[in-house]
Amino acid sequence: MKIQLIFNPHSGRGRGMKSYPAIHKALRKAGHEVIPHRTIYRFHAMEIVKSLNLYETDVLVSVGGDGTLFEVINGLMNNPGRKIPPIAVVPVGTGNSFVKDLNIFTMEDGIKSIIRNVSRPVDVVSFTAENSHYYFINNLGFGFVADVSVSSEPIKKLGYTAYALGVLKEVIRLRSHELTLEIDGKKYHHRANFCYFCNSIWVAGNMKISPNSVMDDGEIEIMVLNEMTRRELLKTFPKVFDGTHITHSKVIVYKGKHIKASTIPEKFCNPDGEIFGVTPLELKVLPSALQFCTLE
């Protein structure tokens with residue numbers, strides 16, 4: 001196979017650079033032709049993939065975390081070629097949330113999925129914010145969840161500790177907002193702490209934010225946390241690690257294919273862990289738009 005390999009040397013606090021030689025060697029040893037592309041700056045992976053000749057690509061590999069994969073997906077969806085090859089992920093980032101749904105947990109798992117070369121369909125979600133158009137495959141949130149990402153970004157090198165510190169900081173200054181959702185033509189109003197659009201189960205590495213999400217059912221889950229007190233949030237938050245938070249009376253879950261969301265005031269967004277864009281948003285599910293290598 002001819003493999004286009006996009007690797008982020010800075011992902012996972014330098015794991016991307018340290019892991020690259022072993023990944024390249026393993027794929028070459030398995031008899032594959034590997035064309036590496038090293039990213040240098042933010043959104044570089046998007047630019048690289050957008051310009052690739054995909055007619056000469058059997059598998060497109062993302063070596064990094066959820067942020068690198070987000071860039072690869074957006075480059076692929078904007079590539080002018082009509083051929084869309086299967087995507088494989090070698091998880092060497094900080095969180096590596098999305099690939100857990102593909103039963104891939106380690107670098108070795110990622111390599112094995114490429115060599116195995118068995119893929120499954122995955123929905124893609126297109127979204128428009130501030131007149132710009134993007135795509136995500138994992139999740140997008142705003143409110144408390146995005147504020148945590150903003151707070152933890154400067155200390156991201158601390159890994160999970162950074163996210164935990166971000167949670168504590170945002171609990172202290174917990175805010176709610178007016179939320180209006182239009183889901184497949186029906187409107188809903190909430191006073192909410194956050195809203196999450198989930199195409200897969202995991203977020204921030206080990207948080208089971210949407211335990212009932214299925215990546216190829218043609219819909220996404222829309223999770224709303226209605227306004228609650230700091231004490232209540234701190235008590236409920238640990239349940240996100242096993243997914244039991246969704247039984248709380250203030251957690252409301254919808255499913256849909258075409259969603260419009262607006263807030264008062266405007267809220268920052270974090271698609272697939274990235275931080276950009278503000279509400280209002282419009283989202284559409286593109287059923288089974290991509291194929292991903294899996295170990296399922």
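Student: Is N8 buried or exposed?
Tutor: The relative accessible area of N8 is 18%. Because buried means under 20% and exposed over 50%, with partly exposed in between (1.4 Å probe, protein chains only), N8 counts as buried. This is a predicted model, in which local features need pLDDT of at least 70 and side-chain atom pairs pLDDT 80 or more, while totals for chains, interfaces and linings use all residues. Residues are numbered from 1 along each chain, and side-chain values use heavy atoms, without hydrogens and water.

Student: With the side chain of which residue does the side chain of N8 make a polar contact?
Tutor: N8 sits in the loop between β1 (2-7) and α1 (11-29), these elements being DSSP runs (helices, H or I, at least four residues; strands, E, at least two). Beyond four places in sequence, N8 is in contact (heavy atoms within 4.5 Å) with G16, M17, T39, V63 and T68. A side-chain polar contact (N or O atoms within 3.5 Å, one able to donate a hydrogen and the other to accept it) spans 3.2 Å and joins N8 to T68.

Student: How far apart in space are N8 and V49?
Tutor: Along the sequence, 41 residues separate N8 from V49. From C-alpha to C-alpha, the distance is 13 Å.

Student: What is the relative accessible area of D242?
Tutor: D242 belongs to the loop between α7 and β11 (251-256). Its side chain makes a polar contact of 2.7 Å with the side chain of T244. D242 is partly exposed, at a relative accessible area of 47%.

Student: How far from the C-alpha atom of D242 is that of K260?
Tutor: D242 and K260 are 18 residues apart along the chain. Their C-alpha atoms are separated by 29 Å.

Student: Which element gives the most to the lining of the largest cavity?
Tutor: The largest holds about 200 Å³, and of its 18 lining residues F194, I209, L233, F237 and V240 are closest to the centre. Two or more lining residues come from each of α5 (144-152), α6 (160-172), β9 (186-198) and α7 (230-236). With 3 residues, the element that gives the most is α5.

Student: What is the volume of the second largest cavity?
Tutor: Among the residues lining the second largest cavity are G64, D66, V89 and F98. Both α3 (66-77) and β4 (87-91) give two or more residues to this lining. The volume, the space filled by probe spheres set on the points, is about 40 Å³.

Definitions and conventions:
On a 1 Å grid over the protein atoms alone, a cavity is a set of points where a 1.4 Å probe fits but cannot get out, and a pocket is an open set with protein on both sides within 12 Å along at least five of seven lines; lining residues have an atom within 4 Å of a point.
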